[in-house]
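The following exercises are meant to be worked through with the sequence and the model side by side. Each task is followed by a solution that goes step by step.

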Amino acid sequence: MLPYLRDDFGNASSTSHQYGWRAEAAVEDARERIAAGIGAEPEEIIFTSGATESNNLAIQGRLGSAPPGRDHIVVGVTEHPSVLEVAARLEREGRRVTRLPVDGSGMIDPDAVAAALDEHTALVSIAAANGEIGALAPVGEIAQRCRARDVVFHSDASQALGKIPLDTGTLDADLLSFSGHKIYGPKGIGALYIRSRRPRLLLRPLFEGGGQERGLRSGTLPVPQIVGLARALELCLEEREVEAGRLGNLRDSLLERIRSELEGVRLNGPGPGARLPANLNLSFEAVDGERLLLALSDLAISSGSACSSASDAPSHVLEALGHSDSLAKASLRFGLGRGTTAEDIEYAAARVVEEVKRQRG
Ligand SMILES: *Cc1c(COP(=O)(O)O)cnc(C)c1O
């Protein structure tokens, strides 16, 4: 990123001089590398400010350009707020929204998706992986069900990219959202994959302007962030399998350590085979959640997600699993990552056990 912050400061849309050409070359190189990372074509990648914007562009953009009468959308109840809040607004504006429940481990049933579709359905939006409880959705099957009914399928893949296999050659989704900072890239950058094979999908842009990104996302391109996003993805993909194994083992040992020393611990989300390798989410019975989190401020953990921690409301994802308010609040989400070591896991396990025991005592 540094050369594009310091020396190559050109605007990628300046077509009349070398500064612009160099910036444009960097952007197009990044676009190719990101596309290659997910088995897509470069023209299928649009840069945005992050997954929030990608989700908004996918859903609002599709609804804004769908044929008359296609005014129904289907979402899962555990989606990110940047999907659920868009759905809620569309509903207030007169569109029809189906919110699909999840089972006790946070899984969506593809049959339920198929059953929700009708001739008015414009879009289905189901995330590939849930950030709070790590549940992996059967997006391959859901995509097939949507394709069979000619319904556009969008998936928020910001938690899946770089963490689990993701290839647009095998996953028949029309729209995929990505975020830079979920893959150790810069904040403020993301992408939307828009399938170009089959009839090109039309989207109405969120805002009008200079017509960058084929008119879908006007505004001067943030060249350093784009370069950083591409490199971050390559690094994640290079280490993906090894890291998935390493983090999965660490996560399992964290769970085992805590469970061997404490009663009344519930695993939120599915078992290891159907969840993100680096995610662990636990509820502790008979504990005050806020006090527990406060006592554990030496650990960088949270109860719900950073996206909604500005409010004290319990996580909508844990509530969807059937948890009471108080149990949902007495939950800890552990996110392991590139910097997590076995010593960190030992320390975290010991601290959690100590504090839960202290509070129960
Ligand atoms: C983080 C996240 C988002 C929002 O991404 P930003 O790039 O921060 O806007 C959307 N969906 C999921 C599943 C996420 O984890």
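**Exercise 1.** In which helix is leucine 235 found?

Solution. The model is a predicted one, in which local features need pLDDT of at least 70 and side-chain atom pairs count only at pLDDT 80 or more, while totals for chains, interfaces and linings use all residues. Residues are numbered from 1 along each chain as its sequence is written, and side-chain values use heavy atoms, with hydrogens and water left out. Helices (H or I, at least four residues) and strands (E, at least two) are DSSP runs numbered from the N terminus, and leucine 235 is found in helix H7. With a relative accessible area of 32%, leucine 235 is partly exposed, a class that lies between buried (under 20% relative accessible area) and exposed (over 50%), using a 1.4 Å probe and protein chains only. The C-alpha atom of leucine 235 is separated by 27 Å from that of alanine 348, the two residues being 113 residues apart along the chain.

**Exercise 2.** Which strands stand at the edges of the open sheet of seven strands, and what is the bridge partner of isoleucine 45 in E7?

Solution. The sheet has the order E1-E7-E6-E5-E4-E2-E3, with mixed pairing. Strand E1 (45-48) and strand E3 (96-100) stand at the edges, each with a single partner strand, so that one side of each is left without a neighbour in the sheet. E1 and strand E7 (residues 190-194) run antiparallel and are joined by four bridges, and tyrosine 193 in E7 is the bridge partner of isoleucine 45. Helix H6 (residues 139-148) lies across strand E4 (121-125) and strand E5 (152-156), at about 160° to E5.

**Exercise 3.** How many salt bridges does a search of the whole structure find? Describe the pair formed by arginine 197 and glutamate 44, and then the pair within helix H6.

Solution. The search finds 28 salt bridges, each being a side-chain nitrogen of Lys or Arg within 4 Å of a carboxyl oxygen of Asp or Glu. Arginine 197 and glutamate 44 meet through their side chains at 3.3 Å, N to O. This pair links distant parts of the chain, 153 residues apart, with arginine 197 in the loop between E7 and H7 and glutamate 44 in the loop between helix H2 (18-37) and E1. Arginine 197 is partly exposed at 34% relative accessibility, whereas glutamate 44 is buried, with a relative accessible area of 0%. In the second pair, the closest N and O atoms of glutamate 141 and arginine 145 are 3.6 Å apart. Because these residues, glutamate 141 and arginine 145, are four residues apart in helix H6, they are separated by about one helical turn.

**Exercise 4.** Is aspartate 150 buried or exposed, and in which loop is aspartate 150 found?

Solution. Aspartate 150 is found in the loop between H6 and E5, and its phi is near 65°, a positive value in a residue other than glycine. At 59% relative accessibility, aspartate 150 counts as exposed. Alanine 286, in the loop between E9 and helix H8 (289-295), has a phi near 60°, again positive in a residue other than glycine, and alanine 286 counts as exposed at 69% relative accessibility.

Terms used: Two strands pair if DSSP finds at least two bridges between them. Contact means heavy atoms within 4.5 Å. Axes are lines fitted to C-alpha atoms, for helices over the stretch in contact, and angles run from 0 to 180 degrees between N-to-C directions.
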